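Let's take a friendly walk through a protein fold, one piece at a time. Have the sequence and the 3D view ready, and follow along.

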Amino acid sequence: MSNATSGPTQPLIIRLRQIAHAEQTRWQQAEAAVAEAERILQEAREAQRVAAERHAAVLATVEAAEAYAADLDLDGAQQSPAAEPASGTAPPAGPASTKPRSVMHLIVEVLKLGKDTELHAIYGDVRRLRPGTTNSAIRSALSQLHKNGSVEIVRRSVYRLLKLPEDNQTDG
């Protein structure tokens, strides 16, 4: 009787084992594909991180160059006789009026010690003192002030003057 029952079911069991083996192979292939995808994703994330760091470094260089160029342009404009103030505008008061002030000096001038100031207000106030100053030049100067500990970034686009930089303390 065991021969009679095992005879007809034997092909079914063999076929089920073949299916099980095929599914195991598919599962192993899928595991290998997932491992490869994770490796590629990790490489892509590393490449993305490096690209972001390089991009930030290039932007910082561009901003510093723009700030430097703006200072050079202002120096040239202050020395030329054609750079007279427009009618209705008064020259800056005090000893700093004898020489052009840097963007950092202008930022320190517009910020109030310990008071939060939004970036758009800094842009507007600095441009009132020096028309044509670029956002990049202002952000670069803010970055330098932050690095030297004079300015705190309260949150995105909000700054606070913590202390006067040493070179501003003797200005007046």
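Which residue in S3 is the bridge partner of Asp116? It is Arg160. Keep in mind as you look that this is a predicted model.

**The sheet**

That pair belongs to a wider pattern. Three strands make up an open sheet, ordered S1-S3-S2, with antiparallel pairing. S1 and S2 stand at the edges with a single partner strand each, so one side of each is left without a neighbour in the sheet. On average, neighbouring strands of this sheet are turned by 35 degrees against each other, direction ignored. In general, strands of a sheet pair through backbone hydrogen bonds, in a parallel or an antiparallel way.

Here are the two pairings side by side:

| Strand | Partner strand | Bridges and direction |
|---|---|---|
| S1 (residues 116-118) | S3 (residues 158-161) | three bridges, antiparallel |
| S2 (residues 151-155) | S3 | four bridges, antiparallel |

**A helix with two sides**

Now turn to H3, which packs on the sheet and touches S1 and S3; its direction makes about 75 degrees with that of S1. Which residues of H3 are buried? They are Leu119, Ile122, Tyr123 and Val126. These residues lie on the same side of H3, because they cover an arc of only 100 degrees around the axis. The spacing has a simple background: an α-helix has 3.6 residues a turn, so residues three or four places apart point the same way. His120 and Arg128, on the other side of H3, are exposed. The cover over the buried residues of H3 includes H2, S1, H4 and S3.

**The core**

The largest nonpolar core has 17 residues, and the ones that touch the most other members are Ile107, Ile122, Val126, Ile138, Leu142 and Val151. At least two residues of this core come from each of helix H2 (103-110), helix H3 (119-129), helix H4 (135-147) and S3. H2 gives the most, with five residues.

Leaving aside residues up to four places away in sequence, what does Val126 touch? Its contacts are Leu106, Ile107, Val110, Thr133 and Ile138.

Methods
Residues are numbered from 1 along each chain as its sequence is written. This is a predicted model: local features need pLDDT of at least 70, side-chain atom pairs count only at pLDDT 80 or more; totals for chains, interfaces and linings use all residues. Side-chain values use heavy atoms; hydrogens and water are left out. Two strands pair if DSSP finds at least two bridges between them. A nonpolar core is a set of buried Ala, Val, Leu, Ile, Met, Phe, Trp, Tyr and Cys residues joined through side-chain atoms within 4.5 Å. Buried means under 20% relative accessible area, exposed over 50%, partly exposed in between (1.4 Å probe, protein chains only). Contact means heavy atoms within 4.5 Å. The arc is that of the directions from the helix axis to the C-beta atoms. Axes are lines fitted to C-alpha atoms, for helices over the stretch in contact, and angles run from 0 to 180 degrees between N-to-C directions.
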